[in-house]
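This report considers charged side chains and chain symmetry. Please consult the display below alongside the text.

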Number of protein chains: 4
Amino acid sequence: MICSPLAIEDYIPQPSVDVSPPKWHLGHTTWFFEEMVLAVHSKEFSRYNPKYAYVFNSYYETIGDRVERPQRGWMSRPTVSDVLAYRRYVDERMEWLIEGISFFPKEVKDLVILGLQHEQQHQELLYTDIKYTLNLNPMVPVYEEDAELVNDYNSDQGFLEIREGLYDIGFEGEGFCFDNEKGRHKVFLPAFSIAKGLVTNQEYLEFIEDGGYEKHDLWHAQGWDWLKSNQLEHPMYWRKEEGHWKQFTLGGLMDLDPHAQLAHINYYEAYAFAQWKGMRLPTEFEWEVASGQLSWGSRWEWTQSAYLPYPKYQKAEGAVGEYNGKFMVSQMVLRGASVATSPDHSRPTYRNFFHPELSWQFTGIRLVQN
Amino acid sequence: MICSPLAIEDYIPQPSVDVSPPKWHLGHTTWFFEEMVLAVHSKEFSRYNPKYAYVFNSYYETIGDRVERPQRGWMSRPTVSDVLAYRRYVDERMEWLIEGISFFPKEVKDLVILGLQHEQQHQELLYTDIKYTLNLNPMVPVYEEDAELVNDYNSDQGFLEIREGLYDIGFEGEGFCFDNEKGRHKVFLPAFSIAKGLVTNQEYLEFIEDGGYEKHDLWHAQGWDWLKSNQLEHPMYWRKEEGHWKQFTLGGLMDLDPHAQLAHINYYEAYAFAQWKGMRLPTEFEWEVASGQLSWGSRWEWTQSAYLPYPKYQKAEGAVGEYNGKFMVSQMVLRGASVATSPDHSRPTYRNFFHPELSWQFTGIRLVQN
Amino acid sequence: MICSPLAIEDYIPQPSVDVSPPKWHLGHTTWFFEEMVLAVHSKEFSRYNPKYAYVFNSYYETIGDRVERPQRGWMSRPTVSDVLAYRRYVDERMEWLIEGISFFPKEVKDLVILGLQHEQQHQELLYTDIKYTLNLNPMVPVYEEDAELVNDYNSDQGFLEIREGLYDIGFEGEGFCFDNEKGRHKVFLPAFSIAKGLVTNQEYLEFIEDGGYEKHDLWHAQGWDWLKSNQLEHPMYWRKEEGHWKQFTLGGLMDLDPHAQLAHINYYEAYAFAQWKGMRLPTEFEWEVASGQLSWGSRWEWTQSAYLPYPKYQKAEGAVGEYNGKFMVSQMVLRGASVATSPDHSRPTYRNFFHPELSWQFTGIRLVQN
Amino acid sequence: MICSPLAIEDYIPQPSVDVSPPKWHLGHTTWFFEEMVLAVHSKEFSRYNPKYAYVFNSYYETIGDRVERPQRGWMSRPTVSDVLAYRRYVDERMEWLIEGISFFPKEVKDLVILGLQHEQQHQELLYTDIKYTLNLNPMVPVYEEDAELVNDYNSDQGFLEIREGLYDIGFEGEGFCFDNEKGRHKVFLPAFSIAKGLVTNQEYLEFIEDGGYEKHDLWHAQGWDWLKSNQLEHPMYWRKEEGHWKQFTLGGLMDLDPHAQLAHINYYEAYAFAQWKGMRLPTEFEWEVASGQLSWGSRWEWTQSAYLPYPKYQKAEGAVGEYNGKFMVSQMVLRGASVATSPDHSRPTYRNFFHPELSWQFTGIRLVQN
């Protein structure tokens, strides 16, 4: 279990509005099943504690008021053990629901699957939020001595050529997908060539050493403001100690491995690096088209596509409709998956999205040439 | 001249970081010719006042430091009359340059044209910035008694059908265009139908009266936050006085004309209205393809396209390269032109762009159905 | 022990910059002994963990950098159990130091006593900070079912007359006092009469019901801004539920007892109430002079004296000099003690001080008439 | 007239919330006569323009809503010429009122005098606000070539000894004074010695060169935060250009005269300098007692007294009651007068007050030794 290495104290802090306490993630994913499935589809169900809806609702206006997002770290209660009891309560009732139904309506099944997908998303956030919080701690804590989520390496090099053409984009088939992937449609793409490997720490170091963080013409105006007002000179988890580059990882502070894939850069940094290389980031359509011939899955890859609806996008009715659609402004699409993503929680049509200044996910850079 | 109806006092205030004082616009457009053309291509030229570069540079990092944008309204000097003398000085030298050259290099010619286009853009900003400032004044000032920029009306109704197909997008031909329009390329579009007229005040009133500003599910999460934190219930220039809707215009405060085209809504409002109608905004590509068969030009029309580079976008070398490219993040594209746009400063491939919360331009809504 | 009723989770959050996590209080008071006593006066002493100085220094610039105050709630490590081990380590060495010294220099003795007084101050802050955090929790937690720090009652009524005269102010004698009490000096006071009891909830309710929070002329301009921008209508721990006034206490949410002493109002509120009564708050000199004939000790009593140095105030050399002196601006003096104050941590010359907008201490109002 | 050297443009900007546009000062002082005198005591009077009350009310809650203070610089209308016409209108009616009354009630007379005193205060603010705005202008404008308000010099040196004793404090006599000076009362003072001259630029330079802005122990905690967050190394109007100290004055940018009196430091700076000298600032009572034997009037002198009510302070009824009393929290008292003060607008009992971080007045330092 992701939280096993944590001390109880680690479940509580929220050092940024974009990061949630581990306790909150555990409660919120449970609440999702309680509120979206059990409360609607299980007749005998009574809520574990009516106040929990207020504590664990994230952003569902349809469902009601909630603890303001920046205040999640103020909540010492319910305790971790309360939340674990809550999880057991809801898990049990979910089992009863599933076992007790001879005929399972599609609507319920879909909600259960959505709940599981939702939980997988929060499993990834648990890793990235824990990392973010530990990194700010002057004790330089180690999440796990032999943590796996440290370095990843490219297996391929060079560029893949993709021909001009009309391509199909979007999800197709039987399995699960989010509403934002639906509406398979044609997109015309000019020819392009896309890197088989991701940018490495070494390449990014060269960018830094060439003054990449001091050359305004490589950056968006907004990125330059972000960089200047935060006085940044390198990626978020890098530190220079006595002349040596180190990186904070879930295994603690380590020497930077130049051959490993770069991680934890935001869109501004990804764009500036590509400018410096004289290349660019792929669009999400280019990425999807090329993905079948690429090795991917260790870093969320920034695309130069804004997060917008597909041509026939329809959001679902009710609270579930707030899952994706209301965020389709001012965010950029990331494609692929990361080392922190649940193993079966990725597919070539998956559309992840974040604000351009955020870098706390395991993000990376794949370059494109025309 | 746009500034003729102004009092000297009106040239100074800057009530929002997105709005510049009229005096600054006059100085900045002059500085553009001085710095981009005369200082580079006129050998005998000496600057009118070396300090003006600091005062009138907008955002060109290549050229140097400048008055911080939110501080433009603190600058009482140079005076309006100083700035007018500066304009005469630079205008005269521009004339000398143009008259004195037998062979006019393309590079210089292009810069002169860019300077003129730049000035036209600021002419439009003069109207919108003056309107913004006067609107905040409790004296409810009138810019011009018989101002022209008040109401506009639709000449057409109904929807135009556009067939599925592969269309060419981007500028082509001989005349001027900005770098962001270049790189003509193919885009595949599914069939759609697009409104021949723009949304009217009457239609938007129905949206308000149906509780449009109170229904979270119509809005982006970010739009809902904007609306709530600013406690808004109607568009920026509307006021309800004693039960009657009025709108602030360059001709003063007037009764709202229900038949006129809606103006001054931001992207969040445009999106929410379209959601309420069960329709959507066009993409910038749909707009461009349909534009030949539409009547347009009275309102900048919000599209649901983010402002991103075209496939082979290349920004220019040097300071001029900062004109467009560095803004390609977090903004939305508007197409067409408005009543405040200079007559010859529009074309179907023109890409205007603003942040989604801004509504001080003459913006409007055109709907699309699938 | 004050922290016994807490869950581990309760040791972590910091919902306001003025409030510290219980864990931080435990570590900080320990650090005070380690840094001010052991590190300086115990030759064989080695620090428990060199990083703890960075984590647990509060505001001593002399000693070095530290976790920024608003970030104390981000620190999940060291854990509570680490901190308790740290306390045992330092306690033990303090015992060794004390036992091992045949001749105890006055300087060391004074620092040990200061460390104990410092710890007593933080014991009171533990109560008030725990209360503050629990109050913000939607679970409405109870600190202790039969908590003692709930209601206090006046034993006396009426007013005490004090004659005009020249009085001695400031500490005198053998025991401990802070540097800010020293410099006994004469102050001339006109005659005044001072209430024997403190303002009750009932009296404050009358103020509220008479529109006290809506009458600007009762408030300081700064207090009115505070009230308006926070949209306040009653004291911090009061709530009106279904027409009934309740108050949040360490024993949970309870009906407001009209006969109990008012608690948790800030200086603005104390001043406005006194204005409404046609009376005023005492100066700290009036309070000190009258204190011998008054019953006090259940509420910190706001005075209308600003926190300023006494005529011959001298701050100590070194880090200890930062204890009091550097806060002598923009704060108001409170006199007496509260129910949360350590039993032997009060005397008539004690000068407590807080910013005028703060009300999370057990503060109350004593009125004066001329 | 103070505004004669100004361009119309100079009447408009408001570069800080503490600074008002000259146009606003002209309108506000006129409004004071209109609202406090004519509207109440002149039966036939009709307001010049009913909207002006909204534009020119400063902070009188009793009178009604107003332009928010930070927005005064947004108001291009009424124009300067409108405001001058308004002044003539009100001046004329004030003359009629005064001439037309055979018997002049004391209440009216007092208000007229208050209006004149109020106007004198704003005359001083005109100088300091104009200076503040011009100083921020990169054109480095000159208010007046041969401005008088540049340098002042000490006429006396050494220290004056004042004996311990019971002294009378507060206004007494026939002339005008503000309500905050009233309530003459006794104060007991220990012996002290007070400097006959004010601190000079030379002395302050020595403080800077000795690292005064880098030694935290000289500053209040709040002062140190102010200094660090603004990255300050010298007083507000000083600049170091090519190794030479210069100061901005109403006569433009000039070499710093080491022999002139220091000006434009805030309370934090005054306190830190005194700490560095091993001395202190006087209390307002010490200042008042010594004032008869001192030369003063060129700088407002920071005292170490907070601005608090005198023992029997009574604020006036109605709007006039908001003049002084509601500011008696979080401000420090300054005594004396400055070169910018109207000649007959000073007396030994005058209590000026400002927030400790403000230095845009002509403030100086007088030292005290015990």
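Which side chain meets that of C:Lys277 in a salt bridge? In this predicted model, the partner is C:Glu203, with an N to O distance of 3.7 Å.

C:Lys277 belongs to helix α7 (residues 267–277) of chain C and C:Glu203 to helix α5 (residues 201–209), so the pair ties together parts that are 74 residues apart in sequence. C:Lys277 is partly exposed, its relative accessible area being 31%. C:Glu203 likewise counts as partly exposed, at 23% relative accessibility.

Over all chains, the structure holds 76 salt bridges. One of them joins the side chains of A:Arg335 and A:Glu284 at 2.8 Å, N to O. Because A:Arg335 lies in strand β9 (residues 332–336) and A:Glu284 in helix α8 (residues 284–290) of chain A, this pair ties together parts that are 51 residues apart in sequence. Both A:Arg335 and A:Glu284 are buried.

In chain D, the side chains of D:Arg335 and D:Glu288 form a salt bridge of 2.9 Å, N to O. Strand β9 of chain D holds D:Arg335 and helix α8 holds D:Glu288, so parts 47 residues apart in sequence are tied together. D:Arg335 and D:Glu288 are both buried. In chain A, salt bridges with shared partners join A:Glu284, A:Glu288, A:Arg335 and A:Arg351 into one network.

## A negative surface patch

A:Glu144, A:Glu145, A:Asp146 and A:Glu148 form a negative surface patch. A:Asp146 is placed in the loop between α4 (106–135) and β1 (159–162) of chain A and is exposed, with a relative accessible area of 62%.

## Relation of chains C and D

Chain C is superposed on chain D by a rotation of 180° with 0.0 Å of shift along the axis (RMSD 0.0 Å). The two copies are therefore related as by a two-fold rotation axis. Of the residues of chain C, C:Ser330 comes closest to the rotation axis, with its C-alpha at 2.3 Å.

Key:
Residues numbered from 1 in each chain as written. Chains lettered and ligands numbered in written order. Predicted model: local features only at pLDDT ≥ 70, side-chain atom pairs only at ≥ 80, totals over all residues. Heavy atoms only, no water. Patch = residues over 30% accessible without salt bridge, like charges linked within 9 Å, V, L, I, M, F, W, Y side chains within 5 Å. Areas by Shrake-Rupley, 256 points an atom, 1.4 Å probe, with all protein chains shown as cover. Salt bridge = Lys/Arg side-chain N within 4 Å of Asp/Glu carboxyl O. Lys, Arg positive; Asp, Glu negative; His and termini not counted. Charge placed at Lys NZ, Arg CZ, Asp CG, Glu CD. Helix = DSSP H or I, 4+ residues; strand = E, 2+ residues; numbered from the N terminus. Buried < 20%, exposed > 50% of the residue type's maximum accessible area, 1.4 Å probe, protein only. Least-squares fit on C-alpha atoms with pLDDT ≥ 70 in both.
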